[in-house]
Amino acid sequence: WRALRAVAMRLASAVIVPSELMARRLHRQFPRARIIHIPNWVDTEMFRPFGYNDGKIAVYVGRLVVEKNLVRATRALTQSGWTFLCIGEGPERSALERAGATCVGAASWESLPSLLNGASLFVLPSLSEGHPKALIEAMACGLPCAVSDRVEGVIRQEETGLVFGAEDETDMKRTFQRLKDDPALRARIGVAARREAVERYDIKTVLPREVALVREVARV
């Protein structure tokens, strides 16, 4: 992988990187490469707040795999009084159900706004992460988000969400309990998350930059 990446960086006309921190790291490693930071985008008209928020359901969207750290999060969420809804498929499904999560399988992209709006909290407890599209879709829906400290450069602590230690189950539980007990906090960071998604990740702003770069490189 290291050898392949070095060749790609040397030969590519441009490299699109969704995370600003990742772009900085790659610039240091490959100073001659043309590395362009363009974040993932979200359709903020499709993903928007419109549901009933009752403070009971926490939701995750993505692959059900070990590196997403979901079993640990399930324990912390259930101990804090949340119902944990996992949307997606993967080998960890049985372990998650045994731990107390509700797993509903894969969902269509079109159904995600309704599923997100049916929850009161979005959780991303990953042990490693890039620039997760599911997170910014949840933010666009006005969901308060709680993420691990391995999620870089998306959530601002106490402003657009809360951050906990990825391997610190006590910190997870404390964070989830705080959000469960404080609907005003959930509302405040949910509004800020929606505003951030619209200002930084809206498809109408981000996608034209990506298209322009591809056209430039392809000389269309």
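Modeller: By relative accessible area, a residue is buried under 20%, exposed over 50% and partly exposed in between (1.4 Å probe, protein chains only). This is a predicted model, in which local features need pLDDT of at least 70, side-chain atom pairs count only at pLDDT 80 or more, and totals for chains, interfaces and linings use all residues. Residues are numbered from 1 along each chain as its sequence is written, and side-chain values use heavy atoms, with hydrogens and water left out.

Biologist: Which residue forms a salt bridge with Glu-216?

Modeller: Glu-216 lies in helix α9 (residues 203-218), and its partner lies 182 residues away in the loop between α2 and β2 (35-37); helices are DSSP runs of H or I with at least four residues, strands runs of E with at least two, numbered from the N terminus. The salt bridge (side-chain nitrogen of Lys or Arg within 4 Å of a carboxyl oxygen of Asp or Glu) has an N to O distance of 2.8 Å. The partner is Arg-34.

Biologist: How many residues apart are Arg-24 and Glu-20?

Modeller: The side chains of Arg-24 and Glu-20 meet in a salt bridge, N to O 3.2 Å. Arg-24 has a relative accessible area of 44% and Glu-20 one of 38%, so each is partly exposed. Both lie in helix α2 (residues 20-29), about one turn of the helix apart, and the separation in residues is four.

Biologist: Is Ser-126 buried or exposed?

Modeller: Ser-126 sits in the loop between β6 (121-124) and α6 (133-140). Leaving aside neighbours within four places in sequence, Ser-126 is in contact (heavy atoms within 4.5 Å) with Glu-67, Lys-68, Asn-69, Ser-148, Arg-150 and Ala-166. Its relative accessible area is 0%, so Ser-126 is buried.
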